[in-house]
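Okay, thanks for coming, everyone. Let me put the model up and we'll walk through it.

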Amino acid sequence: MHLLVCGGTSCRASESALIAESLKRELEEKGLGNEVQVVMTGCFGLCEKGPVVKVMPDNTFYVQVRPEDAAAIVAEHVIKGKPVQRLLYVNPSNGEHVSGSGQMGSFRKQIRIALRNCGFINPENIDEYIAREGYAAIGKCVTEYTAADVIGIIKKSGLRGRGGAGFPTGLKWEIASKNQSYQKYVVCNADEGDPGAFMDRSVLEGDPHSVLEAMAICGYAIGASKGLIYIRAEYPLAIKRLKIAITQAREYGLLGNNILGSDFSFDIDLRYGAGAFVCGEETALIHSMEGMRGEPTNKPPFPAESGFMGKPSNVNNVETFASVPVIINKGWEWFSSIGTEKSKGTKVFALAGKINNVGLIEVPMGITLREIIFEIGGGIKNGKRFKAVQTGGPSGGCLTEHHLDTPIDFDNLVAAGSMMGSGGMIVMDEDDCMVSIAKFFLEFTVEESCGKCAPCRIGNKRIYELLTHITKGNGTLADLDRLRNMCNVIKDTSLCGLGQTSPNPVLSTMDNFMDEYIAHVTDKRCPAGSCRDLMKYTIIEEKCVGCTACARGCPVNAISGERKELHFIDQKKCIKCGACFERCKFSAVLIN
Amino acid sequence: MSSIKIELRKEDVDKINEICDSFDNEPLELINILHKTQEHFGYLPAEIQEATASKLNIPVAQVYGVVTFYSFFTMTPRGRHPISICMGTACYVRGAEKVLDEFKKELAIQVGQTTADGKFSLSSLRCVGACGLAPVVLIGEKTYGRVAPDDVQDILKEYQ
């Protein structure tokens, strides 16, 4: 029997390491220390309900476990074989306890390829990876296939880059392989900067060896002997596990000289980022790896021709790499049977925001937004109404109710005015103001623009100022035209992907929620009730019972009224903080 | 460069040289060198940048350019308990801005500043990847999840 405790960042932050310790102690006390193993794994994907503990082989899933629950799990489940009811996942639609992950809505419809080992193996033990077909693919490559064979398999599988733009991976490898050089590099882009996306981190934390193996396969295919992983310094746990994995792989002869007795040699080093979103752009990333400011340069030359140190380099993202060993093991036919015509395989999405099951999911391409949000994600928090979902982070756009039944793949998302991006999906409900959301993303872009080219450096700042103007109620209809015009100019004239996509959140919210923009400029009203400067709080006479909750909660004493009598808000004193609205149990505070 | 003037002691310079040596004084490793240096000194004031540049035999401007480009590097000392508020999208839609405002109010400092007693410093960062716990606040190594503005006073009390 195994007790798997989630050791992902989210669960660790809720003391999952303590839970593992308590479980071990309980087992020792009961004399079961040798029979039952406690394993810290990577992310299970159900971060909302963390910390998560899974009992194998029964496949029982315990959620929101606390260290003091360890005694019950050992006494009831391990010894008596009865699941601890109160710790089971509760199905939000019918309130029933669900024991196995197979019966949970959030796991049905998922196909795990990149995340195949996350939550199943101890990421700090190479043997567990090997036991699940680990390093079989590199073995197959160096003994059975030529470099051209490997590229052929990846091309035929239809794998496209998971980092955002969806460039065909096999084609990228082929270009790098054709450029002759005595030294080439395989680069793994683990600079996951998109706020709200954390799939790369989960793969690195939960299954680091799959990335190392895939990089070696890529090295074999393109003729490179050196791999570099560019990782954010903000991910200390992923860095630690990668270091352990690299050391173990070297000890086993799976990295280093003459891998598995062949004449292929390959080794991997880590490079650290230092907090710059633009470094996710491949030319900027390469400059950063060279110890310089991470400013992008024009393409061509592409990294495949002249990359790190001026040598041909192949840059792929973590999730792309994680899919590679499976494709080699199971064959391109299998991989390309999943997904849509032009987007094969699966995609990992990080579901976050106003949704019941925040977490990581891996679904086949072509699934609809409705299935993701309402079946896997368990619907909107607090029974609110779905409004939009932002995909592609600061470079993407929003999808609305109209897009709920559109099959999700690279091309459909672009057609809908958004993009796949790295796979962040931020769900928004009726309380979110779309103008503010656009402003939020622009604030991000302004902060992260490297400043090299004028359209991005100056233009985005101007857009941000215009949006601030509008959310304060000072905008005009002419401002909206100016806004759209400026967005198009920035898109057309910026140097790199960051600037070329930065206006997307504005354009897409304007396309889908023009009525909200108009309400802000003509009626000076925020329909979602979120723009503070446009709000006016009043108390509804019929609903107020005089409980004084609002008056007591008001930080500026703007609310007057005797107990059991109607209360009144002094508009001159009101700072529009919303405390009264949140405190009123009788819905007597009206925002308009 | 920065208004704070410090005098580097001999052992400080030795430490910088030691870090540079451990990377073979290779300018390509500048970011890794600065990571190590900041880990040791807590921040990267002008004097440290100058010492690093002279050891690596590169212009100070190049070091300064890198330090100011990346948000991870800081030229002012952080507080003993650095507070970082996640302003990633997931935290933002779950109210991180209000939490940040509360910290600003309670500590009477702005983002990027340190309290006069050197105890707390305030910064915002983009996504720690614990979106299930949004909004998230980090104080030193400790993570606080699902923080509401009302919790801020109690959290700060833990460090009194």
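So, how many residues of chain B are in contact with chain A? It's 30 residues of chain B against 36 of chain A, where contact means C-beta atoms, placed from the backbone, within 7 Å. Quick housekeeping: this is a predicted model, where local features need pLDDT of at least 70, side-chain atom pairs count only at pLDDT 80 or more, and totals for chains, interfaces and linings use all residues. Residues are numbered from 1 along each chain as its sequence is written, with chains lettered from A and ligands numbered from 1 in the order written.

Back to chain B. Nonpolar is Ala, Val, Leu, Ile, Met, Phe, Trp, Tyr, Cys and Pro; charged is Asp, Glu, Lys and Arg; the others, Gly among them, are polar.

Now, H4(B), residues 60-69, also packs on H3(B), residues 46-56, at about 125°, with the axes 8 Å apart. Axes are lines fitted to C-alpha atoms over the stretch in contact, and angles run from 0 to 180 degrees between N-to-C directions. H3(B) supplies Gln49(B), Glu50(B), Thr52(B) and Ala53(B), while H4(B) brings Val60(B), Gln62(B), Val63(B), Tyr64(B) and Val67(B). That contact has five nonpolar, three polar and one charged residues.

Last one, chain A: the centres of domains 2 and 5, taken over C-alpha atoms, are 58 Å apart, with bounds from an automatic or database domain assignment.

Note on methods. Helices (H or I, at least four residues) and strands (E, at least two) are DSSP runs, numbered from the N terminus. Two residues are in contact if their C-beta atoms, placed from the backbone, lie within 7 Å.
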